[in-house]
Number of protein chains: 2
Amino acid sequence: MSRQYNFCAGPAALPTAVLERAREEMLDWRGTGMSVMEMSHRSETYVGIAQQAEQDLRDLMGISDDYAVLFLQGGASSQFSAIPLNLLRGHESADYINTGNWSKKAIAEARRFADVNVAASSEANGFIDVPDPDTWQTRSDAAYLHVTPNETIGGLAYDRLPDSGDVPLVADMSSTILSRPLDVSRFGMIYAGAQKNIGPSGLVVVIVRRDLLGHASPATPTMMDYKVQADSGSMYNTPATYSWYLAGLVFQWLKEQGGLEAMETINRRKADKLYGFIDQSDFYANPIVPAFRSWMNVPFTLADDRLDSEFLQGAEARGLLNLKGHRSVGGMRASIYNAMPESGVDALIDYMASFEKERG
Amino acid sequence: MSRQYNFCAGPAALPTAVLERAREEMLDWRGTGMSVMEMSHRSETYVGIAQQAEQDLRDLMGISDDYAVLFLQGGASSQFSAIPLNLLRGHESADYINTGNWSKKAIAEARRFADVNVAASSEANGFIDVPDPDTWQTRSDAAYLHVTPNETIGGLAYDRLPDSGDVPLVADMSSTILSRPLDVSRFGMIYAGAQKNIGPSGLVVVIVRRDLLGHASPATPTMMDYKVQADSGSMYNTPATYSWYLAGLVFQWLKEQGGLEAMETINRRKADKLYGFIDQSDFYANPIVPAFRSWMNVPFTLADDRLDSEFLQGAEARGLLNLKGHRSVGGMRASIYNAMPESGVDALIDYMASFEKERG
C-alpha cells in the first residue's frame, strides 16, 4: 500500500517529506557513520541538531529571549502536574477555564497540588462554545490562568486570546501550536505534546517566560523543575534525542512551506472547505458554535449513526484512515493538522458527498 | 561514510539490522500506509506492536506475571523520584548502596522524598569495587534496598546479586539489562533507560512486582504512579510510541541472536578480550578490581595523558568513535553493549596495540 490520508488526532500524520528525510538519514546522518538516535546528546553534532531545532522554532513562532524553550519528556499530561509544581510561586490558587476533556484533565491533576478555581466552564451547554471572557470569575491573586485554546476531542477552539492582565496566561496548545501565527508575548507559558503538529510522541515542548522560573515547590521531581531543565538546555538527563531531531525536521519543513502565515492560509482554507461542506448538508452535522470551531479537529456526525461503521469502512477502502470519533463523543472526527495536505480534505469531502448521495 | 564502530556510553549504537528494518518501514508499516510514529496508540495495529514488544521482553528475561512491565517516559532520572514516591509504602526510610556517579544521583533525588540510609559506599577507595554485602548497614524496616548493578561512568559492576531478604531489591540496570540472563524474581523492581541496550532515548522500562503497586504518596504526579500506568498498559497518556516500537525490534533481534544466554557468551568474550589486552599492557590501565569490572563499559587510561587527544584522533580516523572518557573520570571509555559486534572490539584492540607500539 502507498501512503494514505491519516486523519488521526494524535499521534498524527507527519509530512511525507520529513519521513523521507528521516529514512534517508536513518543509518548514517550526513557522513557521521551513525544514526541520530545513536549519538551522544552531549556531542557537538547532536547539540548542533538540537540547537538548530530550537532556533527554527523560535524563528517560526517569534519567540524572544525572554522565554526558555524546553524539549522535555512525558507529554502534556506530565505538564498538568509540572505547571502547579513550578508556577504557584508562593500563591495558593490558580484559575482554570473548562472547555472540554483536556481542560478537565488539567484541572483534575492541578487540584492535587493547588487550590483550583474553575473561573468559567461551558460544560452546561455541552462544550459547544468558549465562555465569554467578560463572565470569567478569575481571582486577582491567582498564580496563573490556564486555558486550553484547542480542545482536540470536542473540536472547540478559542476565537481570540484572553487578556489575563498581570496574571501569567498558561496554555495547552498541543493540537494548535504552529497552525498559525501566535503572539507568544501574551503568554506566561505555552506547552504542547509533540504528536500532533510537532513530531512523534514522547516529546513535549514548553515555552516559558524566564522570570517565572526558579520557584518550584520542594515536592517537584527534579526532572520536572523548569529551572533545572532551562539551565541544562533540556539535557538534565538524556532527552528524547530522536524525537527532538524529527521535530527539527518538521520545523524546517514549515519554514520551507512559508512559515506560519502560509500555514494559516492553508489551514483556514482546509477548515472552511470542510465545515462549509458539513453546513450545506442535511446529512452531516457539527455541533460547535461556528466562531469556536477548531481548524485542526473537525468532529461530525451522520444523520443516522447506524451508518457509522459503513461510512468508516468505505472511507478506509479509499485510503481515508482514522476518522472514527473519540469514544467519549462518538461519530466521526477528521484531524487536519499541518501535515494533512489540502488534497486529503478534498478527498474526504468527495467521499462524504458520494456517501450522502448513496445512503443519505 | 559507512557505518562506524560507535563506543558511546549512551545514547549508544543500535544493531544495524534494527536500523535497516526501521528504515524500510519508515513510511509505510507493513501495508498500513503510515509510519509507526503516525499511528494512534489506541489502534489495534499499534497495540499489537506494543504488546508484542512486551511479550518479547518477558520471554527474553523470563519475567513472570507477578510483575508489571511498563514502557514509560523520562529516563532513569525520572525514576529516581518515582521510586521513593511509589515504593515507600508507609515506611520512612530506604537503603541505598553507593558505588559511583549514578548511585549518587539516585541517592540525591531520593533524599528529597525519603529518609535515605546509605548502607554502604565504596567512595573512599575511588569506587574501584563493590562493598562486601556482609558489611552493609541495612535497616530491617527499610522500604526497599536500591542498587546500581552497573555503573556506566566508573565501569564498575556487581559480581553477584545481593540478598535483601524480605526488603524489595530495586535496581537501576540501565547499562546492563539484557546483556546476560538475570533472575528477575530476586527483584522488587528493575528499571532501565532505553538508550544503551534497549533502544532510543526517551523511553524507560520499569519491571515492578505487582504487590508493590497502589501505595503511591499523595504527592506523586499521576504520570509517575506505577499503579496508574500498569492499569492503563503504559498508556495513561500517549506513550513514546516510536521508541517502544524500536525497542521491540531490538528484542526481536536479541531473540534471533539466541537470547540472553547467547549474548552472555558474546559479551563475556568481548569483555575478556579487551580487559585481557589492557592487563597485559604497561601502557593502558583500568583501575577497577577485576571481579567488579563491567562487561558493558570499559574505562581505560593511557600511561601519558598528553597522548589522549592523539589517541582519539587516530581512533576516529579508523572509524572507532566516541572513545573519550566521561569528563568526571578522564581517559577513555569503550562502551561495548549488545549492539557492538565482536569485530568492533577486535578493531579497537588492533588500534590500541599499534598506537602503543608507535607512541608507547
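Modeller: In what follows, a residue is buried if its relative accessible area is under 20%, exposed if over 50%, and partly exposed in between. The model is predicted.

Colleague: Is B:F311 buried or exposed?

Modeller: The relative accessible area of B:F311 is 0%. The limit for burial is under 20%. B:F311 therefore counts as buried.

Colleague: How many aromatic pairs are there over all chains?

Modeller: Two rings pair if their centres lie within 6.5 Å. Over all chains, this rule gives a count of 33.

Colleague: Are the rings of B:F311 and B:Y351 stacked, edge-to-face or tilted?

Modeller: Their centres are 5.0 Å apart, which is within the 6.5 Å limit. Planes under 30 degrees apart would be stacked and those over 60 edge-to-face. The planes of B:F311 and B:Y351 stand at 45°, so the pair is tilted.

Colleague: How many residues apart are B:F311 and B:Y351, which the pair links?

Modeller: B:F311 belongs to helix α8 (residues 308-317) of chain B, and B:Y351 to helix α9 (residues 342-359) of chain B. The pair thus links distant parts of the chain. B:Y351 is buried, because its relative accessibility is 4%.

Colleague: Which aromatic cluster does A:Y351 belong to?

Modeller: A:Y351 is one of the buried residues of α9(A), which also include A:L348 and A:F355. The members of its cluster are A:F277, A:F283, A:Y284, A:F300, A:F311, A:Y351 and A:F355.

Colleague: How far apart are the end C-alpha atoms of helix α9 of chain A?

Modeller: The helix covers residues 342-359, which is 18 residues. At 1.5 Å a residue it should span 26 Å. The distance in the model agrees, because the end C-alpha atoms are apart by 26 Å.

Colleague: Which ring does B:R180 lie over?

Modeller: For Arg, the CZ atom has to be within 6 Å of the ring centre. B:R180 is at 3.8 Å from the centre, over the face of B:W295.

Colleague: In chain A, what ring does the charged end of A:K105 sit over?

Modeller: Here the distance to the ring centre is 4.9 Å, and the limit for NZ of Lys is within 6 Å. The ring is that of A:W102.

Colleague: Is A:R42 buried, partly exposed or exposed?

Modeller: UniProt lists A:R42 for "binding site" in an unreviewed entry. A:R42 is found in the loop between α1 (16-24) and α2 (44-61) of chain A. Its relative accessible area is 43%, so A:R42 is partly exposed.

Colleague: Which residue of chain B does A:R42 touch?

Modeller: Residues up to four places away in sequence are not counted. In chain A, the contacts are A:V47, A:M235 and A:Y236. In chain B, the residue touched is B:R327.

Colleague: Which residue of chain A is in contact with B:Q195?

Modeller: B:Q195 is found in the loop between β9 (189-193) and β10 of chain B. It is buried, because its relative accessible area is 10%. Neighbours within four places aside, its contacts include B:G10, B:P200 and, from chain A, A:T238.

Colleague: How far apart are the centres of the two domains of chain A?

Modeller: The domain assignment gives domain 1 (17-257) and domain 2 (258-359). Their contact takes 29 residues from domain 1 of chain A and 27 residues from domain 2 of chain A. The C-alpha centres lie apart by 27 Å.

Definitions and conventions
Residues are numbered from 1 along each chain as its sequence is written. Chains are lettered from A and ligands numbered from 1 in the order in which they are written. This is a predicted model: local features need pLDDT of at least 70, side-chain atom pairs count only at pLDDT 80 or more; totals for chains, interfaces and linings use all residues. Side-chain values use heavy atoms; hydrogens and water are left out. Rings of Phe, Tyr and Trp (its six-membered ring) pair if their centres lie within 6.5 Å; planes under 30 degrees apart count as stacked, over 60 as edge-to-face and the rest as tilted. Helices (H or I, at least four residues) and strands (E, at least two) are DSSP runs, numbered from the N terminus. Buried means under 20% relative accessible area, exposed over 50%, partly exposed in between (1.4 Å probe, protein chains only). A charge sits over a ring if NZ of Lys or CZ of Arg is within 6 Å of the ring centre and within 35 degrees of the ring normal. UniProt positions are given in the numbering used here, feature names are shortened, and annotations may be inferred rather than shown by experiment. Contact means heavy atoms within 4.5 Å. The expected span of a helix is 1.5 Å times one less than its number of residues. Domain bounds come from an automatic or database domain assignment.
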